[in-house]
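Here is a note for a colleague opening this structure for the first time. Please keep the view open while reading.

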Amino acid sequence: MRAVVYLVIGVIFGITMYKSEAASWFRIYEMFQFKSFHMYGIIGSALIVGALLIFLIKRFKLKSIYGERIVFMPKERSFSRYMFGGILFGLGWALAGACPGPMFTLIGAGYSPILVVIASAILGTYVYGLLKDKLPH
Amino acid sequence: MEILMDSWPWYISGPMIALVMGMLIFVGKNFGMSSNLRTLCTICGAGRTTHFFRFDWKSQRWNLLVVLGAIIGGFIGAHLLSTTTDVAIHPEVIHELNTLGFNDAGSAYLPEKLFDTSVFGDGISLIFLIVGGFLVGFGARYAGGCTSGHAISGLSNFQLPSLIAVIGFFIGGLVMVHLLFPLLF
């Protein structure tokens, strides 16, 4: 049963990524050209609604539908890993025009070359794992 | 129905993304897509060589189901909920892209130059896809998250690390589009 729930959430996510055009290479390019409000509107409105939701969960100590306490893990403090990792991610995001959610959406949309992007993203993750201890974090 | 079939405006799309995050929180999980790339490494046996991939991937099976759903959602969005592939980007952006050789800007969902099946026989385009994907995978894990984990989940929870990561995403993206694209395309 829980499996079906995760699958349905994924389907809603995938449809949203495609229909919002957040999975379009052209929208990502346009965003980095600051020529349209579209992507900023998406991220901004997601943040406002998301922040409100998290505030309400904390304020009223809401529980999950399984009755468990909802905890938010604070992210580990650092500067270099977020800045350097972020810059590398941004370079790739603009070039491939897809981040890790939309990548999968584009398989379903029928663009087979995205499989090359996904395979090399998996390889990139693997290489990070190999070099992890040698990188500044 | 027409509203569904057209491209969704930002004020529908953004709250829908927050809804996806909310649903995951309420089933006791979290919204973060790039961790699936790590899970896929582990499934491929990366744990044999590297400590970072030694974890019980079955604990992440739920997130792989979200991925499977995202694939199905992409199919539904593209084939059942769309009649055209055009993406109405700004006319000036279309013009700029035309000068870079992207002639289908404005009329295609993804550029043919990078995502037509003919790229499998085109070394340069393949290299761009490989390098782009590699940087996304490497960078997301180095930064500890991607657009979903940092820009949406992290910023919604006012996490300073996520703000640093998102600033990094933009520095990288701006350098790519403004400084490197004119050299690459």
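The numbered points below cover the model, the interface, the annotated spans and a few single residues.

1. **Ground rules.** This is a predicted model: local features need pLDDT of at least 70, side-chain atom pairs count only at pLDDT 80 or more, and totals for chains, interfaces and linings use all residues. Residues are numbered from 1 along each chain as its sequence is written, chains are lettered from A and ligands numbered from 1 in the order in which they are written, and side-chain values use heavy atoms, with hydrogens and water left out.

2. **Size of the interface.** Chain A gives 109 residues to the contact and chain B gives 130. Contact here means heavy atoms within 4.5 Å. The buried area between the two chains is about 10,400 Å², and carbon and sulfur atoms give 79% of that area. Buried area is the accessible area (1.4 Å probe) that two parts lose on being put together, summed over both. In chain A, the residues that lose the most area to chain B are A:Lys19, A:Phe26 and A:Leu95, together 8% of what that side buries.

3. How many salt bridges cross the interface of chain A and chain B? The rule finds 2. It asks for a side-chain nitrogen of Lys or Arg within 4 Å of a carboxyl oxygen of Asp or Glu. One salt bridge joins A:Lys35 to B:Glu96, with the closest N and O atoms 2.8 Å apart. Between chain A and chain B, 28 residue pairs are in polar contact, both residues at pLDDT 80 or more. A polar contact is a pair of N or O atoms within 3.5 Å; within protein, one must be able to donate a hydrogen and the other to accept it, and residues adjacent in sequence count only if both atoms are side-chain atoms.

4. **What chain A brings.** Helices that give two or more residues to the side of chain A that touches chain B include H1 (2-19), H3 (38-59) and H4 (80-96) of chain A. Helices are DSSP runs (H or I, at least four residues), and strands are runs of E of at least two, numbered from the N terminus. H4(A) gives the largest share of that side, 16 residues.

5. **Annotated spans.** In chain A, the unreviewed UniProt entry marks residues 38-57, 78-98 and 110-131 as "transmembrane region". Such annotations may be inferred rather than shown by experiment. Residues 38-57 of chain A are 100% helix, with end C-alpha atoms 28 Å apart. Residues 78-98 of chain A are 81% helix, with end C-alpha atoms 26 Å apart. For chain B, UniProt (unreviewed entry) lists 12-28, 62-81, 123-143 and 163-184 under the same feature name. Residues 62-81 of chain B are 95% helix and 0% strand.

6. **Two loop residues with positive phi.** Most residues other than glycine have a negative phi. A:Glu21 has a positive phi of about 70° and sits in the loop between H1 and H2 of chain A. Is A:Glu21 buried or exposed? A:Glu21 counts as buried because its relative accessible area is 4%; the cut-offs are under 20% for buried, over 50% for exposed and partly exposed in between (1.4 Å probe, protein chains only). B:Phe158 has a positive phi near 50°. B:Phe158 lies in the loop between H8 (147-156) and H9 (160-184) of chain B, and counts as exposed because its relative accessibility is 68%.

7. **One more loop residue.** A:Arg77 is in the loop between H3 and H4 of chain A. A:Arg77 counts as exposed, at 74% relative accessibility.
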